Amino acid sequence: MKGLTHVDEKGVKMVEIGHKDVVYRRAVAKGRIRLRPETVKLIREGKIEKGNVLAAAQIAGILAVKRTPELIPLCHPIPLTGVDITFEFGEDYIEVTCEVRAYYKTGVEMEALTGATVALLTIWDMVKAVEKDERGQYPYTRIEEVRVIEKVKSYSSQ
């Protein structure tokens, strides 16, 4: 096993990437939020009182991707070339996919995970009023299966 990359005899450090080549990087992360079927229907019909849930989630996710180095210690700031956040509906869930692209010296999987997670959190925030039970709890609502589904490193764009 190799030595620790973020810790040495002097303490914590950011990994040196100066010697690495700039190459095309792409990462795709997904996650799912479980909601009451009635809530999913309200989102699809644009009837959530707070406003457009999906637009808010896209904006929040994109902003989160851009701010990943501020949120995750020792993450390198990366000059991003593109971010897409999309949604897939099920009867009792919404799946969020966040794709991040860049030409840089290090990968963008943390950015994709951050974007997907913040988009999911934003959906939760937008639908709190209809997801709460009579005691103000969230017995059905949950975020699950947040994961990287693809990571690409290529010397030519894909």
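Which residues does Trp124 touch, not counting residues up to four places away in sequence? Ile33, Tyr138, Thr141, Arg142 and Ile143. Contact here means heavy atoms within 4.5 Å.

First, the ground rules. This is a predicted model: local features need pLDDT of at least 70, side-chain atom pairs count only at pLDDT 80 or more, and totals for chains, interfaces and linings use all residues. Residues are numbered from 1 along each chain as its sequence is written, and side-chain values use heavy atoms, with hydrogens and water left out.

Now the overall layout. The chain has 4 helices and 6 strands. These are DSSP runs, numbered from the N terminus: helices are H or I with at least four residues, strands are E with at least two. Along the sequence the pattern reads β-β-β-α-α-α-β-β-α-β. The C-alpha trace spans about 55 × 35 × 25 Å along its principal axes. Of the 158 residues, 40% count as buried. Buried means under 20% relative accessible area, exposed means over 50%, and partly exposed is in between, with a 1.4 Å probe and protein chains only. Take the contacts with a separation of 6 or more: residues 24 or more positions apart account for 75% of them.

UniProt, in an unreviewed entry, lists residues 14-152 as "domain: Molybdopterin cofactor biosynthesis C (MoaC)". UniProt positions are given in the numbering used here, feature names are shortened, and annotations may be inferred rather than shown by experiment. That span is 35% helix and 33% strand. Its end C-alpha atoms lie 22 Å apart.

Next, helix α4. It runs over residues 109-131, which is 23 residues. The expected span is 1.5 Å times one less than the number of residues. Still, α4 has a kink of about 35 degrees, centred on Asp125. The bend at a residue is the angle between axes fitted to the seven residues ending there and the seven starting there. Asp125 is also where UniProt, again in an unreviewed entry, places the feature "active site". Asp125 counts as partly exposed because its relative accessibility is 35%. Buried residues in α4 include Glu111, Ala112, Gly115, Ala119, Ile123 and Met126. As background, an α-helix has 3.6 residues a turn, so residues three or four places apart point the same way.

Back to Trp124, which also sits in α4. How is its ring arranged against that of Tyr138? The count of aromatic pairs comes to 2. Trp124 and Tyr138 form one that is edge-to-face, at 5.5 Å centre to centre and 70 degrees between the planes. The rule: rings of Phe, Tyr and Trp (its six-membered ring) pair if their centres lie within 6.5 Å; planes under 30 degrees apart are stacked, over 60 edge-to-face, the rest tilted. Tyr138 lies in the loop between α4 and β6 (142-154), so the pair ties together parts that are 14 residues apart in sequence. Tyr138 is partly exposed, at 27% relative accessibility. Trp124 and Ile143 are 19 residues apart in sequence, and their C-alpha atoms are 8.7 Å apart in space.

UniProt's unreviewed entry places the feature "binding site" at Leu74, Cys75, His76, Met110 and Glu111. They are spread over 38 residues of sequence but cluster in space, with a largest C-alpha distance of 12.8 Å. The lining of the largest pocket takes in Leu74, Cys75, His76, Met110 and Glu111. A pocket, on a 1 Å grid over the protein atoms alone, is an open set of points with protein on both sides within 12 Å along at least five of seven lines; lining residues have an atom within 4 Å of a point.

Cys75 lies in the loop between α3 (68-71) and β4 (80-90). Cys75 is buried, at 14% relative accessibility. Beyond its neighbours within four places, Cys75 contacts Met14, Thr68, Pro69 and Met110. Met110 is in α4 and counts as partly exposed at 33%. Leaving aside its own neighbours within four places, Met110 contacts Thr68, Ile72 and Cys75.

Last, backbone angles. Which value does phi of Leu74 take? Near 75 degrees, which is positive in a residue other than glycine. Most residues other than glycine have a negative phi. Leu74 is in the loop between α3 and β4, partly exposed at 29%. Glu145, in strand β6, has a positive phi too, near 55 degrees.

Key
1 Å grid on protein atoms, 1.4 Å probe; cavity = no way out; pocket = protein on both sides within 12 Å on 5 of 7 lines; lining within 4 Å.
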